[in-house]
Every structure is written in C-alpha cells, then in structure tokens.
Amino acid sequence: MFYREVGEFKTSYRSDQQTFPIALDRTGFLVTLAFAFVIIPLTMSEYWAQAVFLPFLIFGIAAIGLNILTGYCGQVSLGSGGFMAVGAYSCYKLMTGFPDMNIVVCILLSGGVTAFVGLLFGLPSLRIKGFYLAVATLAAQFFLVWMFNKVGWFYNYSASGQITAPEREIFGFIVTGAKAETLPVYYVCLVMLFSLAILARNLTRGAFGRKWMAIRDMDIAAEIIGVNPLMAKLTAFAVSSFYVGISGALLFALYLGAVEVGEAFSIQKSFLILFMIIIGGLGSIFGSLVGAAFMIGMPVLLKNLLVTNLGWPGDIAAHLEFMIVGLLIVVFLMLEPHGLAMLWRIIKEKLRIWPFAH
Amino acid sequence: MKLKHAIIAAFTGVCVATPVLADLVFPALTYRTGAYAVSGIPQADGYSDYFTMLNERDGGIGGVPIKVVECETQYNTEKGVECYEKTKGLGALVYQPMSTGITYQLIPKASADGIPIHSMGYGRTSAANGKVFPYVFNYPANYWNGASAVVNHILELNNGNIKGKKIALVYHNSGYGKEPIRTLEELAKKHGFELSLLPVDHPGQEQKSQWLQIRRERPDYVTMWGWGVMNQVAIQEAANIRFPMENFIGIWWSGSENDVIPAGAAANGYKALALHAPGMDFPLFDDMKKHVYDKGKAAGSGDQIGTILYNRGMFQAILAAEAVKVAQKMSGKKDIGPAEMRVGMENLKVDQSMFSSLGLPNFAPNLEVSCENHGGAGLVAVQQWDANAKTWSLVSDFKPTDKDVINMLIAEDSSAYAKENNITPKCM
C-alpha cells in the first residue's frame, strides 16, 4: 500500500540517486519541512521552544557531527563535549574581538577553528584504534575543559571564568544576548541544522563518505583498494569537529547566553551525544536527528507528565526519570541494536509489502 | 444569538477573572537530587516551610495566599533555564535560583522579562550595584564580603599582622568558586599574605591531590568555597592530614551540619562564616511547629528542621515576604506583580525590632537595601562547630568587612558589565 516504487519510473541517474526515491517519502519530507518552518514557529510556546525545540536543533547538529566520525568512519570519540567547548569559546573570542562581525560568520568560523583542533586530536587515530582511541579522545575532553578553565585569555579574564554572549543581530532581529527573541533564534538554528544536514547527506554519499565507510568496514582492505587512511580519518575528524563546534557555538551564543565550561561542556555532554547516535542509529543522518529528539524530548516529557500532570514531587520524578530513560535505552538497544533508524527502515520494508506477508 | 453572546461574555469573564484570583507565586528552583542535594534539600525545605506557615497562620501575606512552585534543577544550568521558562508565566514574583551558575544564566533573561532575582549570599557579586543590575539583588552579603571576613578573622587571630602568612583557597572550580579570588588577591597585596589557589573540579569527591599539596606547602590557614558533597570530602581530607580545624574557615555555604557530621569528632573546631544565627532557639519555631510540622505539612522528609541551611532557606523566604509587605504598602495593592516586588526589594529595611516581631530576636544583623546598594550591609559573623554537642555556635559578632577594597572591585566589575551590554547606569 505504502512506500511502493510501483509506477515510479526513473528516467535519469539524478532521479534514481536522489535521497528520497519514493514519492510518498518526498511528500513526507516536504510536510516535515513545512511543519518545522511554518507550523511549529506559529504554534510553539516560549517554554516548548526553550526546553525542547532549540536544544533539539542544536544537539541535532552535534549528533550529525559525531555520527560522521563514529557512525560513518568508525572512529569512537568521547571528546564531543570538549569540541563543543572549543566552538563556544572561539565564538566568544570572535564576538568580543571583532564586534562588527556578523554572528553567522562568527559561528561558521568557530566551526572552522574546532575543525582544526579536531584535526590535531585526530592525529593519534592513525596509530590507535577502538577503545584506545576512545581513551585518547577522552583525554581531549579533559584537556580542553581544563584549558578553558585555566587560561584566562579564553574568558577575557572575567572574575567568574564565565563567558557571556554580547548582543548581536541578524537582519535587525536580536539573536544573542538578553533581549534575544525566541523566533529568530529558532530560525537561525533550524536553517543551520537544515543546511548542515543536507551537506552531511551529500558528503556521506559522495567520495568522502565512501572512503570513510571503507575505513570503517575494514581499514586494511580500504588501504589496499587505494583509500588513503590519513586523509580519510583526518577529514572525518575535521568535518565532524566542524559540526560539533558549530553546535557548541550555537549552544553558547544563541541558547544559553552564558556558559561555564566545567558544567556546560563536561563529559556528560560527550556521553549525551554518543547516546543520541547509538539510540538513533550509527551511520544515519535521520538516526542522528531521531536520537537527538529522543534524548532531549524524553526527560522533558517525563518531567511534565509526572510533575505537572500527576503532581508528583520533583525529586522523585527526577530519580524516576533517570530510571525510565535508562530502562528505555536498554530496551531499545535490546530490541533494535541498530537504533531507531533501523526500526524505521524495517517499518518501511513492512509497509511496502503490506498487506501481504512476502 | 443571545446564547452566543452569553457564552462569549461568560468566557471573557473567566479569562479576565483568573488573574484577579491569582496568588503570590514564588518559584523555588530546588535541587533535591544529584551531587549537591545534600546542601539543596535543607534550603529548599526551609524556604517552602516558612511560606506554608504564613499561609496556615496568616492566610498568606496581606491576605493574599502564597503559592510555592518547586522545580527540580539538579544544580544544572540548562535544567535551571528550563525551570525558569516553565515557571515565569505563572506570575513569578522573584527568582531565588540557589545556584551561582543558574543566577548568571538568569540575570540577562530575568532583567529582560522584568522579574527580580534574589541571589542571597551567592551569584554575581557586582550585582550589588543596583544602577547596573536593577533586577538583581544579593543582600545581605556577597562573596567578596565573605572573602574579606575570612581575612579579617585571620587578622584578628594574629593581632592585625599577617605579613608572610600563607593562606590557601580550596574552591569549587566554577564561577561560584572563582568569585572570591579577585578580592583575596587584592587583600593579599594589602595585608602582605601569600595566597595559593587549589581548584576542585565538579562534583568535588576527588580531592586527594589538593590536600596532599596542602600537606606539603603547610599553609597557615585554609579557606574553602565548597558546595554539596565537596564540603564533607574536604573536611574529611583535612582531618586525614591532621590540619588544625580551627585554622580551616569555610564560606557560609560550607558550614552546615551535613558537611561536618560525616567527619565525626575530627571535625571539631571547624569554622565557617555565618549570615544568621544557628539553631532552633527562636519563638518562630513554635509557630512553625504548630502550623506546619504538627500538621504534617513540612516539605521533604522533615528531618532537616533547624539546621543551618534550613534556617538559610527560611531567611530567604522571610526577606522575600518582608519585601512583599513593603511592596504592598508602597503600591497600595495587595496582589502585587514582579515590578512592584522589585520596588519592594529595593526599599527593604529590616531591623532588630522587626526580627523580634517575627519571632527571631537577634537572628541576623540589620539590613537596608537601596538603589545604589543591592548588596546590603555585608555584615558577617564566624561560627564554629562543636563535634561533641553537635552544634554550631557563633564565635563573633556580625562585623563589617573591608568596604574600600570591595566597593572598588564592585564598581570596576559592574562598569565592565555595563559597557559590554550597553547599559547606562541609573536608578529605576
């Protein structure tokens, strides 16, 4: 009934290779876009924007970034929190150092700075693999957080060691600082996520992505067929860090406004992003977004259900939240180790042949 | 047609009528879970118990009932922002974030929304300059008063001469812990002592290396800016290296029963700063018992009553309630909003006769807030722990701190903030 290729005739390579080859999928994608660009901004309340949508958009970018590295290139990284901090602090330095610079340029440049730092920390990946690489990136996480705490230059020697985003506007709308309005901030984050997701999709199905996947599946075989592991791994680190850095810059400048590195970019963030891609599905852009939505939305939904609707005390709800989210993660991974994206793929396959069994 | 009109009229009636019936809403951003729960629970209990008592005894403040809305933040800034967004629409009068990190986060947001913040004894110290931070209050004392009070106490112990002495600061490696450093550095220059800094990372359970360093460097005094589980670990570690407890002085956030009891007898003699008197020896607790505890309406499990941080939470609630009274008197309205609340806080005056009438004689020093000074008088006392009797007791009066150094630093920091954010300092 659904998801049928029947009657769809592709007459060019272009239409055959498109991201959504099935008409229903294309419509679904356009409907989602219309929802994200028109309906949600019109209907969302301040609370939902601040508690769910903005963090989802921002962490969605980080999840795509980590998925490029871990899901597509097979390099485990626990340093995402540290790289987000690089993005945030370079954004802060650019914003305060060049007050006339457009905020979008600042954010993109912060991504660039993070890509460079990621490249440096990616160098060990040429020698070490698997768990050992995870430990090396863990060192990056701790080193970066320590550095931003220790070196006063990064936080302009402020007394508390905090960084605070000054006011900047885009097309006359204030998007950072105290007077920032939610709607323009939402649109900036949405456009960022949308364009970066498209970029990621096109990177991963092009030559770069194929090289990354070849390295992931078997690095020696990849080397024999002519993939340069140095280039493949380092580009994966750079592109991934670029995404994570942009996400960190957005989190600081547009969402939190003031940041303290030890708390905002601790190891918890690295795990959060890793959980997002594990639950969402490794090696899938769609999975990154679903995983981000799950990890951001679930605690808020549970809190609202238990505290606001059922009137439970906040502390019991908070403890239960840990247990329920943990349990859900375990259950999901037991039922579908390849994540929510795989679940979606299976549903699509089933729908394709429905109502018949084969 | 008539029915339609009637329905519309009824509907609008309901919509308009609702705000009139509104309560005085006090959001409480609490943390009863996580690494800081040990400090967060007693404070949250005290805060909401006092308001419960006012509701039960007086039917609220000026006849308007009080509603405390608790929201769990886990001492996490992102959750704190979520809580702020969730509660600000309910008609919140004042935010008491109970966390320096969340306070920093909320200062720009709440200032833009026109809701006052009271960060009592924490938060951004330079917010004491009300011309730059009209919506932020940190009376009765701030961290820089605290830093100066520690140094003053050490000066007193050494007959006014601490040249060449070594003082170590063990601090939570966050905005909170870093706050006193600037002042301590200034004071080190002024009095000629040597300052060494020992940061402890969140959550503070691992402090072996810091205390090894203290054992090696042998500072004469150690002062601490700690919170949550960090406090008990530090006091235990100090006991382990046999550091003389009477030379170990914590900030007022590092001096509660929960911090010293785990170290047992070894914690005897540990000192901490105090903003108010410890204990339950006040007539107010009779009312609390009658109207709250005996009715089973105490917040939490009710096992924190009368502890230092419980009293601190109560003190926060008392100052908020008094500010409401001032606001009600000044605006002539009973059902005030955040704007009136801000004016009430700015004109708050608390003296000993007021404390007596509240049933808290000699509970805390006098306090006067003004537009220029949102930080109060900055009077701080020192308290000491008696491990045998398991009680804290004040060992000094509430004394003034080094105003010259502090006011200079406040002016410097707040004008830097004003410049960064294009604020023209003025009284509202």
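What is the mean pLDDT of chain B, and what share of its residues reach 70 or more?

## Model and confidence

The mean pLDDT of chain B is 90, and 95% of its residues reach 70 or more, where pLDDT is the predictor's confidence in each residue, from 0 to 100. This is a predicted model, in which local features need pLDDT of at least 70 and side-chain atom pairs count only at pLDDT 80 or more, while totals for chains, interfaces and linings use all residues. Residues are numbered from 1 along each chain as its sequence is written, with chains lettered from A and ligands numbered from 1 in the order in which they are written.

For the complex, the predictor gives an ipTM of 0.83 and a pTM of 0.88. Over residues 6–21 of chain B, pLDDT stays under 50, and the model has zero contacts beyond four places in sequence for this stretch; two residues are in contact if their C-beta atoms, placed from the backbone, lie within 7 Å.

## The interface between chains A and B

Across the interface, 26 residues of chain A are in contact with 30 residues of chain B. On the chain A side, the elements that give two or more residues are helix 3 (46–72), helix 11 (261–264) and helix 14 (314–335) of chain A; helices (H or I, at least four residues) and strands (E, at least two) are DSSP runs, numbered from the N terminus. The residues on the side of chain A that touches chain B divide into nine nonpolar, 11 polar and six charged, with Ala, Val, Leu, Ile, Met, Phe, Trp, Tyr, Cys and Pro counted as nonpolar, Asp, Glu, Lys and Arg as charged, and the others, Gly among them, as polar.

## Two domains in chain B

The domain assignment of chain B gives domain 1 (18–142 + 280–377 + 408–420) and domain 2 (143–278 + 380–404), with bounds that come from an automatic or database domain assignment. The C-alpha centres of domain 1 of chain B and domain 2 of chain B lie 26 Å apart, and the contact takes 26 residues from domain 1 of chain B and 29 residues from domain 2 of chain B.

On the side of domain 1 of chain B that touches domain 2 of chain B, two or more residues each come from helix 2 (37–58), helix 4 (100–113), helix 12 (308–331) and helix 15 (403–420) of chain B. Helix 12 of chain B gives the most to this side, with five residues, and the residues of this side of domain 1 of chain B divide into 16 nonpolar, nine polar and one charged.

## Helix 3 of chain B

Helix 3 of chain B is largely enclosed by the rest of the structure, because 10 of its 11 residues are buried; a residue is buried if 20 or more other C-beta atoms lie within 10 Å of its own, exposed if 12 or fewer, and partly exposed in between, with C-beta atoms placed from the backbone. Among the buried residues of helix 3 of chain B are B:V81, B:C83 and B:Y84, together with B:E78, B:K79, B:E82 and B:K86. The cover over the buried residues of helix 3 of chain B includes helix 3, helix 10 and helix 11 of chain A, as well as strand 1 (24–30), strand 2 and helix 4 of chain B.

## Backbone features

B:Y75 is placed in the loop between strand 2 (66–72) and helix 3 (77–87) of chain B and is buried, with 28 other C-beta atoms within 10 Å. B:N159, in the loop between helix 5 and strand 5 (166–172) of chain B, is exposed, with 7 other C-beta atoms within 10 Å.

A cis peptide bond joins A:W354 and A:P355, with omega about 5 degrees, and A:P355 is found in the segment after helix 15 (339–353) of chain A. In chain B, the peptide bond from B:Y139 to B:P140 is cis, with omega near 5 degrees, and B:P140 is found in the loop between strand 4 (136–137) and helix 5 (143–157) of chain B.

## A helix pair in chain A

Helix 8 (residues 207–217) and helix 10 (residues 229–256) of chain A pack at an angle of about 105 degrees, with their axes 9 Å apart; axes are lines fitted to C-alpha atoms, for helices over the stretch in contact, and angles run from 0 to 180 degrees between N-to-C directions. Helix 8 of chain A and helix 10 of chain A are therefore roughly perpendicular to each other, given that angles under 35 degrees count as roughly parallel, over 145 as roughly antiparallel, 65 to 115 as roughly perpendicular and the rest as oblique. Helix 8 of chain A makes the contact through A:F208, A:K211, A:W212 and A:I215, and helix 10 of chain A through residues including A:P229, A:A232 and A:K233.
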